[in-house]
Amino acid sequence: EVIRRLGLKPGMVVADLGAGSGLFSRPMAKAVAPNGKVYAVDIQQGLLDYIDKRDKEERIENIKTVLGELDDPKIPGNDVELAFFNDVLHHIEHRDAYLKALAKYIGPTGRIALIEMDKNDPQGTHRNQPELLVSREQLNQWMSDAGFQPVEEDHDLFPGTKLFIIYGRKSAKETRDSILNSGFRGREIGN
């Protein structure tokens with residue numbers, strides 16, 4: 001159901017961030033085939049080796065594994081049309097820096113889809129680890145600082161347990177206004 005709601009189409013370029021064992025990478029690869037590709041990004045080489053092994057076994061040829069870094073996904077190109085996080089962002093220590101680094105790999109009309117635990121879920125798995133809980137407001141601020149804004153939210157798929165938000169690039173004016181509202185006191189260009 002998640003794959004269907006992402007609106008993937010043949011030929012798209014997708015990044016599965018924190019790909020793990022490739023749970024989402026494989027169905028994404030099928031959805032964007034034959035000419036699309038999926039970058040399966042993780043910081044653990046062993047997981048990427050597992051994805052490569054499964055891809056060979058299942059004859060999936062459009063997944064490229066990428067060894068990312070803690071603060072940079074290191075995607076080889078800047079043509080990603082959809083970057084996807086599933087329960088990963090809360091594990092990234094410097095979330096704001098990572099998202100700003102990610103932005104440079106996303107094309108002009110690219111989106112970021114995020115599934116993240118809802119901080120307000122009383123049964124959440126990390127309720128005893130507050131450093132791993134992020135709020136919708138925090139997510140929106142980090143995304144805004146990286147040049148993205150919420151464009152769609154799915155409330156039906158994970159009601160009360162997870163957030164499912166899709167972000168799109170802000171316009172140049174919105175980006176400038178966001179920078180100015182963040183406290184930056186530079187001079188506006190053209191004035």
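Me: Which residue in S7 does Met117 stand opposite?

Reply: Met117 stands opposite Lys162 in S7. First, a note on the model. It is predicted, so local features need pLDDT of at least 70 and side-chain atom pairs pLDDT 80 or more, while totals for chains, interfaces and linings use all residues. Residues are numbered from 1 along each chain as its sequence is written, and side-chain values use heavy atoms, without hydrogens and water.

Now the strands. Strand S5 covers residues 106–117, and strand S7 covers residues 162–169. Seven bridges join them, and they run antiparallel. Strands here are DSSP runs of E with at least two residues; helices are runs of H or I with at least four, and both are numbered from the N terminus. Two strands pair if DSSP finds at least two bridges between them.

S5 and S7 belong to an open sheet of seven strands. The order is S3-S2-S1-S4-S5-S7-S6, with mixed pairing. Its edge strands are S3 (63–67) and S6 (148–153), and each pairs on one side only. On average, neighbouring strands are turned by 25° against each other, direction ignored.

Two helices pack on this sheet. Helix H4 (residues 95–103) touches S1, S2, S4, S5, S6 and S7. A contact means heavy atoms within 4.5 Å. The direction of H4 makes about 155° with that of S4. Helix H5 (residues 136–145) touches S5, S6 and S7, and its direction makes about 20° with that of S7. Axes are lines fitted to C-alpha atoms, for helices over the stretch in contact, and angles run from 0 to 180 degrees between N-to-C directions.
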